[in-house]
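Reader: I am new to this structure. Please show it to me, and then I will ask about it piece by piece.

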Amino acid sequence: MLFSLCLSFFDINISLNASILVSIFDILFSVIGLLIFAVPMTIVCLIIKIKENHPLIYRQIRLGRNKKPFKLYKIQTMVEEQVTPIGKYIRECGLDEVPQFFNVLKGDMSIVGPRPERLEHVVQYTEQVPEFEFRTKVKGGLTGYAQIYGKYNTSAYDKLRLDLM
């Protein structure tokens, strides 16, 4: 495979100083993000509770660094496999992702990195592209190249290629 040779030379170890800087950036960015979105999220949560009356937070098991499972938090935008009218707007604005700042503060995620996937997707994508598992060598992120330049229907190969950038 194309990536096999490249990945065999790729070293994940980063210096202690770089690791500390990334952690400080993640914490500061998350706290600032939570402060900025506190009022809009409060309004969104009140509207969901009043208009739709379903749980506010959706939890889903994703694979983090070294395939360690963790609960990813999102604003619940679907009920019974359908996106709610308010949920559609929340997704378009990206507000459903705001609770993931708590995942970053807990240390499960980073601000920038490959998007953490569900176990079944990692298994499926690894069958297609064996090197896909390489994405679990680092913390998953709120954003990364695959989220910015890819789409929901991006192939496993393209996700990996973009995330390695």
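Reader: Among contacts between residues at least 6 apart in sequence, what share joins residues at least 24 apart?
Author: This is a predicted model, in which local features need pLDDT of at least 70, side-chain atom pairs count only at pLDDT 80 or more, and totals for chains, interfaces and linings use all residues. Residues are numbered from 1 along each chain as its sequence is written, and side-chain values use heavy atoms, with hydrogens and water left out. A contact means heavy atoms within 4.5 Å. Of the chain's contacts between residues at least 6 apart in sequence, those joining residues at least 24 apart make up 66%.

Reader: In what order do the elements of the chain run?
Author: Helices (H or I, at least four residues) and strands (E, at least two) are DSSP runs, numbered from the N terminus. The chain has 7 helices and 6 strands. Starting at the N terminus, their order is α-α-β-β-β-β-α-α-β-α-β-α-α.

Reader: Why is the chain described as being as compact as a globular protein of that length?
Author: The globule rule is 2.2 Å times the number of residues to the power 0.38, and the radius of gyration is taken over C-alpha atoms. For 165 residues the rule gives 15 Å, and the chain is as compact as a globular protein of that length because its radius of gyration is close to that, at 17 Å.

Reader: What percentage of the chain is buried?
Author: Buried means under 20% relative accessible area, exposed over 50%, and partly exposed in between (1.4 Å probe, protein chains only). Of the 165 residues in the chain, the buried share is 39%.

Reader: Where on helix α7 do its buried residues lie?
Author: Helix α7 covers residues 156-164, and A156, K159, L160, L162 and D163 are buried there. The arc is that of the directions from the helix axis to the C-beta atoms. Seen down the axis of α7, the buried residues fall within an arc of 165 degrees, so they line one face of the helix.

Reader: Is K74 buried or exposed?
Author: K74 is placed in strand β2, residues 69-75. Leaving out residues up to four places away in sequence, K74 touches L56, I57, Y58, D96, E97, P99 and Q100. Its relative accessibility is 16%, so K74 counts as buried.

Reader: How many Å apart in space are I32 and L95?
Author: I32 lies in helix α2, residues 16-52, and at 48% relative accessibility I32 counts as partly exposed. In sequence, I32 and L95 are 63 residues apart. In space, C-alpha to C-alpha, I32 and L95 are separated by 15 Å.
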